[in-house]
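Thank you all for making the time this morning. I would like to walk through one chain with you, and I ask you to keep the picture in view while I talk.

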Amino acid sequence: MIDLKQTSTKTGLMLLGSVAVGLITGNSDLATVTVGESGAQLGGTIPMLSAAFIGLFDTVRKEIKG
């Protein structure tokens, strides 16, 4: 069972949600970097897949350990 009291579970679910939004909006570039006044922003498929993996790991890692 997923424990929503854990901060890592919440973080993982937010990362998975951001991946879902990226897929819905049609993010098809492999990697994009935009540099502006507020700093650099990274986007594209590779960062999205990385976020999905990290989010899935953070969500289920406590359940795997038992």
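Leu13 counts as partly exposed because its relative accessibility is 38%, where buried means under 20% relative accessible area, exposed means over 50%, and partly exposed is what lies in between, with a 1.4 Å probe and protein chains only. Before I go on, please keep in mind that this is a predicted model, in which local features need a pLDDT of at least 70 and side-chain atom pairs count only at pLDDT 80 or more, while totals for chains, interfaces and linings use all residues. Residues are numbered from 1 along each chain as its sequence is written, and side-chain values use heavy atoms, with hydrogens and water left out.

Leu13 sits in helix α1, which covers residues 7-24; helices (H or I, at least four residues) and strands (E, at least two) are DSSP runs numbered from the N terminus. Together with Ile2 and Leu4, Leu13 makes a nonpolar surface patch of about 260 Å². Patches of this kind are made of residues with over 30% relative accessible area and no salt bridge, with like charges joined within 9 Å and nonpolar side chains (Val, Leu, Ile, Met, Phe, Trp, Tyr) joined within 5 Å. A salt bridge here is a side-chain nitrogen of Lys or Arg within 4 Å of a carboxyl oxygen of Asp or Glu, and accessible areas come from the Shrake-Rupley method with a 1.4 Å probe, where for residues only the protein chains shown count as cover.

Leu4 belongs to the segment before α1, and Leu4 is exposed because its relative accessible area is 51%. Which residues does Leu4 touch, not counting those up to four places away in sequence? They are Thr9, Lys10 and Leu13, a contact being heavy atoms within 4.5 Å. Leu4 also lies 9.0 Å from Thr59, C-alpha to C-alpha, although 55 residues separate the two in sequence. Ile2 is likewise found in the segment before α1, and Ile2 is partly exposed, with a relative accessible area of 43%.

Now to the wider layout. The chain has two helices and two strands, and from the N terminus on these run α-β-β-α. Strand β1, residues 32-36, is hardly covered, since the count of buried residues among its five residues is zero. β1 pairs with strand β2, residues 39-43, in the antiparallel sense over five bridges, pairing being called if DSSP finds at least two bridges between two strands. A hairpin of two residues joins β1 to β2, and Gly36 has Gly39 in β2 as its bridge partner.

Ser50 is in helix α2 and is partly exposed, at a relative accessible area of 37%. The C-alpha atoms of Ser50 and Leu15 are separated by 9.5 Å, with the two residues 35 apart along the chain.

I will finish with the totals. Of the 66 residues in the chain, 21% are buried, and the chain exposes about 5,000 Å², of which carbon and sulfur atoms supply 66%. As for pLDDT, the predictor's confidence in each residue from 0 to 100, the chain averages 78, and 88% of the residues score at least 70.
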